[in-house]
Amino acid sequence: MMIGDMTQFGSVMAGAMFIWAIFKQWFPEELGNHIEKYFQRLVTYFYPYITITFHEYQGDEFERSKAYTAIERYLSTNSSNRAKRLKANVIKDCKSVVLSMDDYEEVTDEFKGIKIWWSSSKSAPQQRAIFSYGDDEKRYYKLTSHRKHRDIVTQVYVQHVLDEGNAIETKTRQRKLYTNSKSENWYGNKRTMWSHIMFEHPSTFDTLAMDPKKKEEILNDLLTFSKSKDYYKKVGKSWKRGYLLYGPPGTGKSSMIAAMANFLDYDIYDLELTSVNDNTDLRKLLIDTSSKSIIVIEDIDCSLDLTGQRKKKEKDNKDENDPNPVRKNKKAKKEKKSEVTLSGLLNFIDGLWSACGSERLIVFTTNHVEKLDPALIRRGRMDKHIEMSYCCFKTFKVLAKNYLDVESHDLFLTIGRLLEETNMTPADVAESLMPKSAEEDAESCLKGLIKFLENAKEEARVKAVEDAVIKCKVEGAGEKGEDDGDKKVHECDDSSESESSDSDD
Ligand SMILES: Nc1ncnc2c1ncn2[C@@H]1O[C@H](COP(=O)(O)OP(=O)(O)OP(=O)(O)O)[C@@H](O)[C@H]1O
Ligand SMILES: [Mg+2]
């Protein structure tokens, strides 16, 4: 039987019911009820189908029914190419269109050999509500199938539709990149709030260059985490995991975070600690984060005085020379105001407050892992430590494949040798590999990289010679009996640390 036939049959029955309603009043009540009962039986006999309706709004709820949304998604994906009249919903900032069945449209679906008919309808409201949901018409989806499949349809198929619909919803969800900024409310009180933009970073684990074994290990770790809801509950831990990414600038720490978010389909909260007033503010921000997210604190060593002591008064010579303007700015801000303490941060990571929300990764990045307080990075807080290091041959091969689509080449041998002899970041190698003009082919890019590596190697050699000369001079001066020259140089290097410990309190 086609869906059209069923509808026709339904209309005939509805017509008969209507006529019966008119005549019913002429019959004595008992007889009327009797006739109605047999009439229903007759209908059931000739109409061997079951129907289930799913309304857009249920009862007094103002929120759209989740089941209705899931069915809408499921039907849009599975049947929009079969339905003839479609409704277009524009999502993702006008970049994509999701089609769904228009009102009074019908489609069929098949599940384990069973045919299922879906139709979309709407009914006018009985009375106008004071608070109406957009338009007053109540939409619903109606599922129809043969009653001999009742059990499988009600117990398995409906759940299948809801699960699939939810999965599609998660996939098409537009992810967000949040950052905290200070804002002033009416009373002039400053508070920190999250603001967001759409997260569209293209970095993935395929484009991330690193040792394939290490990459595999991280992927497995992430996957296991995302599927371990019950496990975390069983062992009594909140469902979160801490990652510490460390290594020199330009080795892919931020790219790795973007790849993690893309892989797990999580939102990112980029927490700027220097904009957080104090621990209370930090807690408020944390409560405002959603599940399925990555909370990131970049350059943790620059964001907080990790000794838990007062901030340093003296200027750090190394900070002055920091080539990264973002980090330099963070350090400057930290010196101005940084009332978030180490203990506040620890409470945020694994104290009672960390349990609000679930399925969250907390990622710290740093260029100086040795500067971090051991309490901050012990397991349980930062569960996995990942070192992002200089470009080795394996890393280079991933970059060559991504940037030039080359998997092997005669020049690889030379490049491999040069990479062993120099400290080159993947960011530098990637930049050299990028064609600078339309005429440049893979080979000339590789040759350009070789030249770049040779120059770097030569520069490193010259610098080593210069350093050795300076060292010799200092040692020579020391031998001549001048007042402890070696110590002076050492003090110069760590001036900030010795001075800061003096200035504490
Ligand atoms: N491992 C890598 N794989 C692929 N691309 C990389 C890698 N490392 C660096 N890059 C490239 O270099 C650029 C800089 O990398 P990224 O910002 O991830 O470095 P970082 O480690 O976060 O540096 P910083 O410590 O300065 O924040 C990226 O845009 C990316 O294109
Ligand atoms: Mg970075």
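**Close-up 1. The largest nonpolar core of this predicted model.** This core has 54 residues, and the members touching the most others are I257, M260, I268, I294, V296, V363 and V429. A nonpolar core here is a set of buried Ala, Val, Leu, Ile, Met, Phe, Trp, Tyr and Cys residues joined through C-beta atoms within 7 Å. Buried means that 20 or more other C-beta atoms lie within 10 Å of a residue's own; 12 or fewer makes it exposed, anything in between partly exposed, and C-beta atoms are placed from the backbone. Helix α7 is the top contributor to this core, giving six residues. Helices (H or I, at least four residues) and strands (E, at least two) are DSSP runs, numbered from the N terminus. Domain 2 (176–387) and domain 3 (408–493) each put at least three residues into the core; the domain bounds come from an automatic or database assignment.

**Close-up 2. I294 and its contacts.** Leaving out residues up to four places away in sequence, I294 touches I257, M260, A261, Y266, I268, L361 and V363. Touching means C-beta atoms, placed from the backbone, within 7 Å of each other.

**Close-up 3. The shell around ligand 1.** Here 17 residues surround the ligand, and A209, P249, G252, S254 and A427 are the closest. To count, a residue needs its C-beta atom, placed from the backbone, within 6 Å of the ligand. Helices α7 (253–264) and α16 (426–433) supply at least two shell residues each, and domains 2 and 3 at least three each.

**Close-up 4. The buried side of α16.** Its buried residues are P426, V429, A430 and L433. They sit on the same side of α16 because they cover an arc of only 100° around the axis, taken from the directions from the helix axis to the C-beta atoms.

**Close-up 5. A167 and E106.** A167 belongs to helix α4 (residues 150–172) and is partly exposed, as 14 other C-beta atoms lie within 10 Å. E106, in strand β4 (residues 106–111), counts as buried, with 22 C-beta neighbours inside 10 Å.

**Reading the views.** Residues are numbered from 1 along each chain as its sequence is written, while chains are lettered from A and ligands numbered from 1 in the order written. The model is predicted, so local features need pLDDT of at least 70 and side-chain atom pairs count only at pLDDT 80 or more, while totals for chains, interfaces and linings use all residues.

Terms used:
Two residues are in contact if their C-beta atoms, placed from the backbone, lie within 7 Å.
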